[in-house]
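Student: Please take a close look at one part of this model for me. I would like one connected account.

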Amino acid sequence: MASAASTICRRSAVSFLRMSTKQQFSKRLNTSKAAEQVPPPQTWLQYFFRWQFWGPVANWGIPLAAIADSRRDPDIISPRMTTALCIYSLLFMRFAIVVQPRNMLLFACHFTNEAAQINQMRRWIQYNYSNKPAKN
């Protein structure tokens with residue numbers, strides 16, 4: 001009995017070694033648990049009615065407001081809030097990439113927000129620390 005099991009084991013090992021590396025990799029991929037956890041592909045309509053679409057759409061208000069404020073006077077810019085929004089966008093850009101399935105709409109929203117907030121911080125620094133003539 002033991003010799004029959006070892007013979008079968010030996011045959012499967014020999015056949016596995018005869019496979020190319022690409023075949024071995026695909027065989028390992030197909031049997032892994034990670035392959036079973038990938039969600040099925042979604043249609044556009046299914047994506048449209050999920051939180052993965054409407055969450056980032058609602059979130060676009062933040063970068064749009066920052067872009068709109070770029071034409072206003074820089075004395076209204078809060079450096080603390082701008083710093084907090086920069087950190088927030090950096091964290092959620094990473095989250096949008098790490099989460100499965102990847103949410104590229106959320107990534108684009110936070111990337112835009114990061115750029116807009118950095119521009120606001122640049123404007124605040126330029127306004128407060130540039131060489132201004134003294135007021136009499």
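Tutor: Helix 8 has 26 residues. From its first C-alpha to its last, helix 8 reaches 37 Å, close to the 38 Å expected at 1.5 Å a residue. The model is predicted, and the values here are computed from it.

Next, burial. Leu106, Cys109, His110 and Asn113 of helix 8 are buried. Glu114, Ala116, Gln117 and Gln120 are buried as well. Met121, Arg123 and Trp124 are also among the buried residues of helix 8.

Now the partner. Helix 7 covers residues 79–98, and helix 8 covers residues 104–129. Their axes come within 8 Å. They cross at roughly 155°. An angle over 145 degrees counts as roughly antiparallel, and helix 7 and helix 8 are therefore roughly antiparallel to each other. Their crossing is left-handed. The residues of this contact divide into 17 nonpolar, seven polar and one charged.

Last, charge pairing. Side chains of opposite charge can pair when their charged atoms come close. A search of the whole structure finds one salt bridge. In a salt bridge, the side chains of Arg72 and Asp69 meet at 3.5 Å, N to O. Arg72 has 48% relative accessibility, so Arg72 counts as partly exposed. Asp69 is partly exposed too, with a relative accessible area of 26%.

Technical notes:
Residues are numbered from 1 along each chain as its sequence is written. This is a predicted model: local features need pLDDT of at least 70, side-chain atom pairs count only at pLDDT 80 or more; totals for chains, interfaces and linings use all residues. Side-chain values use heavy atoms; hydrogens and water are left out. Axes are lines fitted to C-alpha atoms, for helices over the stretch in contact, and angles run from 0 to 180 degrees between N-to-C directions. Helices (H or I, at least four residues) and strands (E, at least two) are DSSP runs, numbered from the N terminus. Angles under 35 degrees count as roughly parallel, over 145 as roughly antiparallel, 65 to 115 as roughly perpendicular and the rest as oblique. A crossing is left-handed if the near helix is turned anticlockwise from the far one by less than a right angle, and right-handed if clockwise. Ala, Val, Leu, Ile, Met, Phe, Trp, Tyr, Cys and Pro count as nonpolar, Asp, Glu, Lys and Arg as charged, and the others, Gly among them, as polar. A salt bridge is a side-chain nitrogen of Lys or Arg within 4 Å of a carboxyl oxygen of Asp or Glu. Buried means under 20% relative accessible area, exposed over 50%, partly exposed in between (1.4 Å probe, protein chains only). The expected span of a helix is 1.5 Å times one less than its number of residues.
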